[in-house]
Amino acid sequence: MTERLITSLTNDTIKAVRALHMRKEREATGCFLAEGLKFIGEALDQGRAPTMLLVGDEARPHPLLDRAKAETIKAGGQIIVVTHAILEKISRRDNPQTVLGVFEQVYTPLDAIQPEAKPCWVALEQVRDPGNLGTIIRTADSAGCGGVILIGDCVDPFSVEAVRATMGSVFAVTISKASREEFLAWRAKWPGSVIGTRLDAKHGYRDSPVRHPALIMMGNEQAGLTDELAAACDLNVKIPMRGRADSLNLAVATGVMVYAVTDAAYGESL
């Protein structure tokens, strides 16, 4: 098994990996960075081997690391041994993970989605916060959703911050993206309920029966769901605010909606 040692921060390969913190570089290369052996293991379990595996020269032996190395080589990827200083620069952390992976981004076209494969899907309009997006992807995975559809100008799901927040679910959940026009044309063929969330909705989030597969539509953190997309929903609902706060964090609100819908499908209750 061939491993290459790099000790210089000015090495072109290291500079290219560090550049994956920038969206324009991720879009240009179609790659992204995932940190930690747990993330690598999640990827391998989903049949996703890294194109490049960076291993700290102080990394301890581990069966999962051996597997990661073997599957990287089998897939034609590179294994690069690096210093602690390089790991710090790549991760932008003082206490970096000892294993990092570079992976190819995977987006699923809307037309390739099979709605009946799962009881619930999530569509997000112009979500801005990478932590929110990553948490929603993780929640969708946990609840048994089929995937997350990004509508319009959304934050990059493959940013380092978003990927960290997914805790590895970025490899397990279908991710799609579309313009508003593309989404609306595709939504017209959706076979189940399309449910929007609005603070001015008249119905509570548990008040109406849901036809599965359900598509939950959530707006962005500041403005919520736009009128155009709200009008495309079969039903708009609200989550009751019983205290002084007048709204929920987007990721929390999405979690409430997702579990309400999936629990109904799986015959469970919160």
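My cut-offs were under 20% relative accessible area for buried, over 50% for exposed, and partly exposed in between, with a 1.4 Å probe and protein chains only.

**Ground rules.** I am working with a predicted model, where local features need pLDDT of at least 70, side-chain atom pairs count only at pLDDT 80 or more, and totals for chains, interfaces and linings use all residues. Residues are numbered from 1 along each chain as its sequence is written, and side-chain values use heavy atoms, leaving out hydrogens and water.

**Whole chain.** I looked up the secondary structure and noted ten helices and twelve strands. These are DSSP runs numbered from the N terminus: helices are H or I with at least four residues, strands are E with at least two. The C-alpha trace spans about 60 × 35 × 35 Å along its principal axes. Next I checked the radius of gyration, which is 20 Å; a compact globule of 270 residues would have one near 18 Å, so the two agree. That radius is taken over C-alpha atoms, and the globule rule is 2.2 Å times the number of residues to the power 0.38. Of the 270 residues, 50% count as buried.

**Contacts.** I took contact as heavy atoms within 4.5 Å. Among contacts with a separation of 6 or more, 78% join residues 24 or more positions apart.

**Record.** UniProt, in an unreviewed entry, places "domain: RNA 2-O ribose methyltransferase substrate binding" at residues 33–109. I keep in mind that such annotations may be inferred rather than shown by experiment. Over residues 33–109 I read 38% helix and 25% strand, with the end C-alpha atoms 22 Å apart.

**L9.** I found L9 in the loop between β1 (4–6) and α1 (12–18). L9 is partly exposed, at 30% relative accessibility. Leaving out residues up to four places away in sequence, L9 touches I14, K15, R18, A85, I86 and K89. From L9 to R211, 202 residues along the chain, the C-alpha separation is 55 Å.

Most residues other than glycine have a negative phi, and most peptide bonds are trans. Q126 has a positive phi, near 55°, and sits in the loop between β6 (120–125) and α6 (130–143). M167 also has phi near 55°. I place M167 in the loop between α7 (160–166) and β8 (174–178). The H212 to P213 peptide bond is cis, with omega near 5°. P213 lies in the loop between β10 (203–204) and β11 (214–218).
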